[in-house]
Amino acid sequence: MSGIGTGYDLSATTYSPDGKVFQTDYAQKAVDNSSTALGIKCKDGIVLAVEKLVVSKLLVERSSRRIHNVDRHAGICVAGLLPDGRMVVNRAAEEASNYKSFYGEPIPGRVLCERLASYMHLFNLYWSMRPYGTAGLLATYDEDGPALYLVEPSGVAHKYHGTAVGKARQAVKNELEKMKLGQLTCREAVVEAAKILHKVHEEDGKPFEIEMSWICDDSGRVHQRVPAEVLAEAEAAAKAAMEESDMED
Amino acid sequence: MLPRPTTHSKALGPGVAGPELAVATSAVLDRPPQPTAQRPLSGAQAFSVDPSLVESADGPRQHTQYPYVTGTSVLAVKYAGGVMLACDTLGAYGSTKRYKSLERIIRVNARTAVAAGGEISDFQYITRLLEELATDDYRTDDGIELGPREVFSYLTRVMYNRRGKMDPLWNSLVVGGVEADGTVFLGTVGMIGTHYTDSHVATGFGAHLARPMFRERQSDDMSEADAEALLRDALRVCYYRDKQSINKFQVAKATGEGVAIGKPFALETKWDYKAFAAPTKWAIGAW
Amino acid sequence: MFRNQYDTDVTTWSPQGRLFQVEYAMEAVKQGSCAVGLTSKTHAVLATLKRAQNELSSYQRKIFKIDDHMGIAISGLTADGRVLCRYMRNECLNHRYVYESSMPIGRLVRQVADKHQVCTQRSWKRPYGVGLLVAGHDARGPHLYNTCPSGNYWEYKAMAIGARSQASKTYLEKHFEAFPTATPEEMILHGLRALAASLSEGELTKANCAVALVGEGSSFVVLEEDDVEPYIQMLKEEEGGGGGAEPMAEAAAEGGAAAAEGGAAAAADDGGDGAAPMES
């Protein structure tokens, strides 16, 4: 049922007659309209990737990041409203550093995810605030190995083998489901992620750049941006694959 | 007036100044500010002490007046292209040689090393602060890292702030490293915030035993081998005359290539000097 | 102009996932007069067009020095801009106090943007109605950033904000490839030409424009009045010499040069471009 015009959809503290909190759904819309981001869990780590539209040629290349370091062993890729995303990243960094100073060891991914989810959930509880218009793909590598989580505006969080958010999430998920995620290495996943993002971008043809990070054995289990040359290689492979498939058509 | 978080209050570390979470979540989540010695309700949290919180029924607090587990002198010299720091690895509990493998030199980042004498637990706290600063730089990921001069400045502010709160960190610190433009930096800061930079520094007993040697033999363009030989000689002298030291040392180098902290080693010593047999013979007034 | 029930409160999402109050705040930026910024390999330059409330008043200052290595140009609600200016100055001073060094530009801009964000999420606040162009020079060279009320910020090679800034942007897009190697003087002239493109009537005078320069080895300096006069003369000579007229703004009628910055004066709509959309 649509909530538009009923008056039940104006506050995060209002239920509609059939039990929905529309403001939370609307915040999710902001994420759904955003540029596409994806995360892949590989056998040796996690790869995060996001497309960014280049709205002006005056912009400095690779500025306004969507992937951030949270701690050495954790990183977040934010979809949706970038300013909201940064606040979530700030909170994650605080949680990580508080945990470290209290327990003397890095925050486990599971705990970080839980705390972020609680934090985002808080903004669904008061009329005086709005839910965050952002979702975070969280990549961590701790004692239990690599893990990928998705934290949504509602405060819901799940652990994934692979997932996507943003405009083309469905198309990306279809691609991910075809892949054998458990057998992939991060190096291979970087290429796959580039291919997927180029493919879902085929139709609109707008200029975009890809931001990618990984946390794996290659990166010393430290979350970092995928090295420029590795990313360039992956993008070249993606473009080559696109042309190949064009020839077949 | 509500305590207002400033960015540097967070940088100065938890418990030093300001609320722990610099980004207030919302009025709903904010607790009303609780006064502490470090954060009185006056609002001038970084720079003042609320006497009522320092003093208890038993009079002024005194637990800050003595160190417990201590490290002795730190020596450091500049040489061509870098800085070399040296100290022993003892943590003494009073006069007891309690911990014999304490590493007192840390790498802050690619360009900076810090070494400490004095209360070891305070140094471990300082280590945590510096780790957090380095992690902040890593998080920002903008290619900017604190240089040794900035680390030094930060430490002088921390030390002076704590002394101003009558709760000093009981350390003498030595900061060495190489700036991005290649300039070599060496400085020291004491427990009450006194600080200076020089071509060679030594803390504690070393200021009396090692610095005369440094003044004679150190020059900023000396070779790495000469610098290491000088430090070894100085360490040996310190070891002979300082009862709070042991024959297990570490030398660290901070150069343009990075910070390298060496493995612990022992020095050749010789105890059958005649003067050692009758130590008071030429020392007028000794007994 | 009541549009719908979702646009009166900053804590209400529209069914499409938009925040109208924030979008309206971004309109306030377009009400302010034009500000231009550009960077070369060594320097960053700001150029602004100042307005006077009426003939008897002074021109409203739009460039503020933050620290020796950084300054801002504002467009929109001047009062909001001054609040942010004070915050930025304070942060720079704190950084200087603790580290005895100048604050990295990008880190401060991010903090300012986070400050903006907070005002887009609390019912008892309103978004800042001001856009900033931050120009500065740090260990990583010269930088130009643009912040906007939504809490977004971008790093630019060159950018213009404010009323009819599209014309200035057009100029910048046409010439930005020449900027990296330009001398500071050429940069100032580029800035002024871009600024002139946004004029609806009249011309640049020493009274109505101000320029600022910061770069490697030179701290932030504002050129006003007699200091900016020589550059305006150079532009005039250029035009007089038939050196090619610069693209002038298509006349988009506006409520007169006396319109208060973002005030209650006539709404100027420069075609809905201006500030970039909230997300991109």
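Which residues of chain C does the UniProt annotation "domain: Proteasome alpha-type subunits" (unreviewed entry) cover? According to that record, the annotation covers residues 6–28 of chain C; UniProt positions are given in the numbering used here, feature names are shortened, and annotations may be inferred rather than shown by experiment.

Before the tour, some conventions apply. This is a predicted model, in which local features need pLDDT of at least 70 and side-chain atom pairs count only at pLDDT 80 or more, while totals for chains, interfaces and linings use all residues. Residues are numbered from 1 along each chain as its sequence is written, chains are lettered from A and ligands numbered from 1 in the order in which they are written, and side-chain values use heavy atoms, with hydrogens and water left out.

**First stop: the annotated segments**

Select residues 6–28 of chain C: this stretch is 39% helix and 0% strand, with its end C-alpha atoms 19 Å apart. Helices (H or I, at least four residues) and strands (E, at least two) are DSSP runs, numbered from the N terminus. Next, select residues 8–30 of chain A, to which the unreviewed UniProt entry gives the annotation "domain: Proteasome alpha-type subunits". Here the chain is 39% helix and 0% strand, and the end C-alpha atoms lie 19 Å apart.

**Second stop: chains A and C**

Display both chains. Their contact (heavy atoms within 4.5 Å) takes 40 residues from chain A and 37 residues from chain C. About 3400 Å² is buried between the two chains, 56% of it on carbon and sulfur atoms; buried area is the accessible area (1.4 Å probe) that two parts lose on being put together, summed over both. Highlight A:Leu58, A:Arg86 and A:Arg130, which supply 23% of the area that chain A buries against chain C, more than any other three residues.

Select helix H2 (residues 82–103) of chain A and helix H3 (residues 120–140) of chain B, whose axes come within 12 Å and cross at roughly 155°. H2(A) is therefore roughly antiparallel to H3(B), a term for angles over 145 degrees. The contact involves A:Ala93, A:Ala96, A:Ser97, A:Lys100 and A:Ser101 of H2(A), together with B:Glu131, B:Glu132 and B:Arg139 of H3(B).

On the H3(B) side, the contacting residues include B:Tyr125 and B:Leu133, and on the H4(B) side they include B:Val151 and B:Arg162.

Methods:
Axes are lines fitted to C-alpha atoms, for helices over the stretch in contact, and angles run from 0 to 180 degrees between N-to-C directions. Angles under 35 degrees count as roughly parallel, over 145 as roughly antiparallel, 65 to 115 as roughly perpendicular and the rest as oblique.
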